[in-house]
Amino acid sequence: MCDIVLLVYDQLAYTKGCVESILKNTDCPYRLLIIDNGSVKEETLQYLDTLARTRPDRISVLRNERNIGYVRAVNYGLSQTTGQYVCVISNDTLVYPGWLSELVATAEKDSSIGLVNPQWMIPKRFYGSKDTYFKKVVHRQQGASIETDWARGFCFLVTRRVLDKIGGLDEAFAPAYFDDWDYSIRAIKAGFRCACALGAFVWHYKNVTYGLEFSNDSLRWKGKIFYRRWGAPIKILLLDDQNGRMPVSDFACFIRELLNGQDRVTFVSARADHVFSEHTNMRYCRVPQFWFRPYIILRLLDNLRYHKLKRYDMIITSKKMLDSLRSISIIWNSFPQRFYTYDGKFGNLLAEVAKLKQKKAQSFL
């Protein structure tokens, strides 16, 4: 059984579309719990009342007399659930066939998976409608999933294990924004992982459910809370040319710590073997040893196309490769104080990563 917590604030056309898609396209046991977050339009109230009267076996409606914001509404909804799984979803969405069963199946693959998102965007390179994308891409990926950095709040499945261990969203982020990212990191710190079910698709219209005015000053304030707490994610280029003679398992442990910290990692290795699971924040590139140095030079030169704030924040390599790159002035001077070596242990590097994350966070504060 999965409890679906649907947040509603007027916007009747979106709400109807969302509810109808849930009733039509959900093929596993569920209970729909609608949280009316202070809707004021009579047409919305009548529609929700009709749903509750005609489908009492499937649908319950709970009403807040005033709009208490996204975060508090989610927590209220979570407090009313009993299912092994809970799916929080906003009314500015349309769910596609099999969406919930795919989310649940992903969570059941591994007990460490605590939060699951569906797919929700059409890639820029794909030419076609959302219906076409579902049929040609998403539907063919049933049963597949990938680990991801954090669960976006428009629609996410959370397991009862997570709820029992860390509770709900942090109301320091009320009424909204940064709360889902913070929640995901808290879950990761508690030993869980976030995943994306590649066979589930939920279209998101964006920024309809909320319903309260939210100024840029308020948004910046929520950002300050987040970045002071966790630091800002950084971009890391990690080079394994075998000259450092570090075991691949050590790289795997180091990369896991970086991914748990929301950092983006590009790992370039000359080895054929690797022990890395797929993750949306990691790119793995295998490059033959004879081509390794030229490839790295070209990659770094290409990275210079970006603004300084979007370039690699850390470039980690062996001492031998570092000495080789030091002789190329355009590279050495373009990445000041961004080169680090892993000769020895990775422990000290994690401390440097923490410093860089806090330093980068200052640009958001």
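Here is a quick tour of the aromatic ring contacts in this structure.

The model is predicted, so local features need pLDDT of at least 70 and side-chain atom pairs count only at pLDDT 80 or more, while totals for chains, interfaces and linings use all residues. Residues are numbered from 1 along each chain as its sequence is written, and side-chain values use heavy atoms, with hydrogens and water left out.

Rings of Phe, Tyr and Trp (its six-membered ring) pair if their centres lie within 6.5 Å; planes under 30 degrees apart are stacked, over 60 edge-to-face, and the rest tilted. That rule gives 24 aromatic pairs. Take F178 and Y227: with centres 5.9 Å apart and planes at 75 degrees, they are edge-to-face. F178 is in the loop between α6 (160–166) and α7 (179–189), and Y227 is in helix α8 (residues 216–230), so this pair ties together parts 49 residues apart in sequence.

F254 and F346, on the other hand, sit with centres 4.5 Å apart and planes at 15 degrees, so they are stacked. Here helix α9 (residues 248–260) holds F254 and the loop between β14 (339–341) and α13 (347–361) holds F346, so the pair ties together parts 92 residues apart in sequence.

How accessible are these rings? Buried means under 20% relative accessible area (1.4 Å probe, protein chains only).

| Residue | Relative accessibility | Class |
|---|---|---|
| F178 | 17% | buried |
| Y227 | 9% | buried |
| F254 | 2% | buried |
| F346 | 9% | buried |

Ring pairs also link Y14, Y96, F126, Y133, F134, F201, W203 and Y205 into a cluster. W203 has a charge over its ring too: the charged end of K130, 5.5 Å from the centre. A charge counts as over a ring if NZ of Lys or CZ of Arg is within 6 Å of the ring centre and within 35 degrees of the ring normal. R58 likewise lies over the face of Y30, 4.2 Å from the ring centre.

Key:
Helices (H or I, at least four residues) and strands (E, at least two) are DSSP runs, numbered from the N terminus. Buried means under 20% relative accessible area, exposed over 50%, partly exposed in between (1.4 Å probe, protein chains only).
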